[in-house]
Amino acid sequence: MLQAQEVGKSFDGFKAVNGADLQVERREIVAIIGPNGAGKTTLFNLITGQLKPDYGKITFKGEEITGLPPFEICRKGISRSFQVENFFPRLSVFENVEVSVLAQKRRSYSLLPAVRKQLIEESQEMLRSIGLIKKSRITSGLLSHGDRKLLEIAIALASKPELLILDEPTAGMSPEETEVTIQLIKHLSVKMGLTILFCEHNMDLVFSIAHRIMVMRQGRSIIQGNLDEVRNNHEVQEAYLGESQK
């Protein structure tokens, strides 16, 4: 479904992504791991059009998308959540999702009653699917950290993507919130058939849900493989997982 080949991006001579390779098959859950500064978020920005690569090629469902603007990539079926909160804090939870559904349909609020009803139903279903329906009228800025992360996933889902990219979806969460998010990601993959690409520092989470893992170091991809291949890779053990993973 998604392939990045020898992709690179530099900032003032610093190679943030240095010839990275990535492959994601349909309906897979693929994790990218690596220390801070390894290039994970920059790679996501290159895939989703927030940045243009200096070199390399990115294809989605066999079509090259290298350097396309974000709105075009989104309309082709790729959506993402961000590390930094990316919603309207003064709007309600429902209104944030409703705005995203409107954007996906390229409509304004001036809708016929029948269309308006459909919009409300779609927004409610989106919130129901991620467990926020009971908090739909709460002002978004008043949500807990975990619920804010869930709202961002709902906003990403509003564009009806085939590939969902999550940038550290459990960062700062409590163990209970993390477990809710793990179950949600599994649900999105198994029940909704989404392909999911995410980066994460929580190794327990990564190894509990990922089908394959790509490891980045200093902007390059050092391995992509199944869980055992990554666990048994000497460079990965030394750099990221520690001796206990041998």
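Reply: Ser 81, Phe 82, Lys 149, Glu 152, Ile 153, Leu 166, Asp 167, Glu 168 and Pro 169 line the largest cavity. This is a predicted model, where local features need pLDDT of at least 70, side-chain atom pairs count only at pLDDT 80 or more, and totals for chains, interfaces and linings use all residues. Residues are numbered from 1 along each chain as its sequence is written, and side-chain values use heavy atoms, with hydrogens and water left out.

Me: What makes a space a cavity and not a pocket?

Reply: On a 1 Å grid over the protein atoms alone, a cavity is a set of points where a 1.4 Å probe fits but cannot get out, while a pocket is an open set with protein on both sides within 12 Å along at least five of seven lines; lining residues have an atom within 4 Å of a point. By this rule there is one cavity of 30 Å³ or more. The largest cavity holds about 30 Å³ of space, a volume being the space filled by probe spheres set on the points, with grid points joined across faces, edges and corners.

Me: Which element gives the most to the lining of the largest cavity?

Reply: Helix 5, with three residues. Helix 5 and strand 7 (163-167) each supply at least two. Helices (H or I, at least four residues) and strands (E, at least two) are DSSP runs, numbered from the N terminus.

Me: Why is helix 5 called roughly parallel to helix 6?

Reply: Helix 5 (residues 145-157) and helix 6 (residues 175-190) pack at an angle of about 15°, with axes 10 Å apart. Angles under 35 degrees count as roughly parallel, over 145 as roughly antiparallel, 65 to 115 as roughly perpendicular and the rest as oblique, so helix 5 is roughly parallel to helix 6. Axes here are lines fitted to C-alpha atoms, for helices over the stretch in contact, and angles run from 0 to 180 degrees between N-to-C directions.

Me: And what makes helix 3 roughly parallel to helix 5?

Reply: Helix 3 and helix 5 pack at about 25°, with their axes 8 Å apart. That angle makes helix 3 roughly parallel to helix 5. Val 93, Asn 96, Val 97 and Ser 100 of helix 3 make the contact (heavy atoms within 4.5 Å) with Leu 151, Ala 154 and Ile 155 of helix 5.

Me: How do you know how many of those contact residues are nonpolar?

Reply: Ala, Val, Leu, Ile, Met, Phe, Trp, Tyr, Cys and Pro count as nonpolar, Asp, Glu, Lys and Arg as charged, and the others, Gly among them, as polar. The contact of helix 3 with helix 5 therefore divides into five nonpolar, two polar and no charged.

Me: What about the largest pocket: which residues lie nearest its centre?

Reply: Cys 74, Ser 79, Ala 103, Ile 155 and Ser 159, out of 27 lining residues. The largest pocket holds about 680 Å³ of space.
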